[in-house]
Amino acid sequence: MSGRAEIHHEHRDVNGGWLRPSVFGAMDGLVSNFALIAGVAGGTDDTKVIALAGVAGLAAGAFSMAGGEYVSVASQRELALAEIDVERREIARHPDAEQEELAQGYIDKGVDPALAAEVARQISLDPSQALEVHAQAELGVTPADLPAPKIAAVSSFLSFSVGAILPLLPYLFGVTSLWLSAVLSCLALFAAGALVSTVTARSWWYSGLRQLVVGVVAAGLTFGLGNLIGGTGGL
């Protein structure tokens, strides 16, 4: 029999750099382009203008999302690396003080002082391991598992594009009414929200309904605004 405890469960990746931009990108693409198309359709019956607006919204939004995610995640990563470097220098310059700090952290969590001191001593024998433990305890990050800007940017670009093209598809195939785009968008909104529930604790119907309501409200308001300004559009 192995002396190592058997693991009976696994956790999903909650720190990766792909999930948040992918989910946010798809939702944003679907909601924003649905709302944009509805707004333009509320003001004009010209399907070429509506389709052009949808294509422009897809392209502009996808590049904006990708660029924003890249800069945001890169800045976050650079900040984390800078603080990790500070911790690395402190471990090199004041190893005893950092070891005591680590031991105190375990004591504060309820570990026996003698055991905490010994654990901290053993961890501190390996500077790289000590750095990882200090970074997790003080900064809440793992040096080897920081978010990747390129992954975030590509995930945002692709997911936004997928979401944004759905309400646009009927117009690309010659449909002249907003109804089909609206129905397709509503189904996609509910499905996307339900899909998100697989990586959260929410039920599929709650997540789906929540996303549907958000999208419908946004599209309804922009349609009304477009109709108020243009006054020639319709369903």
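## Briefing on an all-helix chain

At 27% relative accessibility, Phe190 counts as partly exposed, because that value falls between the 20% and 50% cut-offs. Welcome to this predicted model, in which the protein chain has nine helices and zero strands.

**Overall picture**

- Along the sequence, the pattern of the protein chain reads α-α-α-α-α-α-α-α-α.
- The protein chain has 235 residues, and buried residues make up 34% of them.
- Take the contacts in the protein chain between residues at least 6 apart in sequence: 71% of these join residues at least 24 apart.

**Aromatic pairs**

- The whole structure contains three aromatic pairs.
- One of them is edge-to-face because the rings of Phe190 and Trp204 have planes at 90°, with their centres 6.0 Å apart.
- Phe190 belongs to helix α8 (residues 178–196) and Trp204 to helix α9, so this pair ties together parts that are 14 residues apart in sequence.
- While Phe190 is partly exposed, Trp204 counts as exposed, at 53% relative accessibility.
- The rings of Trp205 and Tyr206 also form an edge-to-face pair, since their planes stand at 80° and their centres are 6.2 Å apart.
- Trp205 is partly exposed at 48% relative accessibility, and Tyr206 is partly exposed at 31%.

**A nonpolar patch on the surface**

- Trp204, Trp205 and Tyr206 turn up again here: with Leu209, Val213, Val217 and Leu221 they form a nonpolar patch on the surface.
- Together, the residues of this patch have about 730 Å² of accessible area.
- Tyr206, one of the patch residues, is found in helix α9.

**Nonpolar cores**

- In soluble globular proteins, nonpolar side chains tend to be buried together.
- Here, the largest nonpolar core has 16 residues, and Ile37, Tyr171 and Leu178 touch the most other members.
- Helices α1 (19–43), α2 (47–93), α8 and α9 are the elements that give two or more residues to this core.
- Helix α1 provides the largest share of this core, six residues.
- There is also a second, separate core of twelve residues, with Ile84, Ile91, Leu102 and Ile123 among them.

- Gln211 lies in helix α9, which spans residues 204–230.
- Is Gln211 buried or exposed? Gln211 counts as buried, because its relative accessibility is 14% and the cut-off for buried is under 20%.
- Leaving aside residues up to four places away in sequence, Gln211 touches Met27, Val31, Leu189 and Gly193.
- Phe63 is located in helix α2.
- With a relative accessible area of 58%, Phe63 is exposed, because the cut-off for that class is over 50%.
- How far apart are the C-alpha atoms of Phe63 and Ser161? They are separated by 9.4 Å, although the two residues are 98 residues apart along the chain.

How values were computed
Residues are numbered from 1 along each chain as its sequence is written. This is a predicted model: local features need pLDDT of at least 70, side-chain atom pairs count only at pLDDT 80 or more; totals for chains, interfaces and linings use all residues. Side-chain values use heavy atoms; hydrogens and water are left out. Helices (H or I, at least four residues) and strands (E, at least two) are DSSP runs, numbered from the N terminus. Buried means under 20% relative accessible area, exposed over 50%, partly exposed in between (1.4 Å probe, protein chains only). Contact means heavy atoms within 4.5 Å. Patches are made of residues with over 30% relative accessible area and no salt bridge: like charges are joined within 9 Å, nonpolar side chains (Val, Leu, Ile, Met, Phe, Trp, Tyr) within 5 Å. Accessible areas come from the Shrake-Rupley method with a 1.4 Å probe; for residues, only the protein chains shown count as cover. A salt bridge is a side-chain nitrogen of Lys or Arg within 4 Å of a carboxyl oxygen of Asp or Glu. Rings of Phe, Tyr and Trp (its six-membered ring) pair if their centres lie within 6.5 Å; planes under 30 degrees apart count as stacked, over 60 as edge-to-face and the rest as tilted. A nonpolar core is a set of buried Ala, Val, Leu, Ile, Met, Phe, Trp, Tyr and Cys residues joined through side-chain atoms within 4.5 Å.
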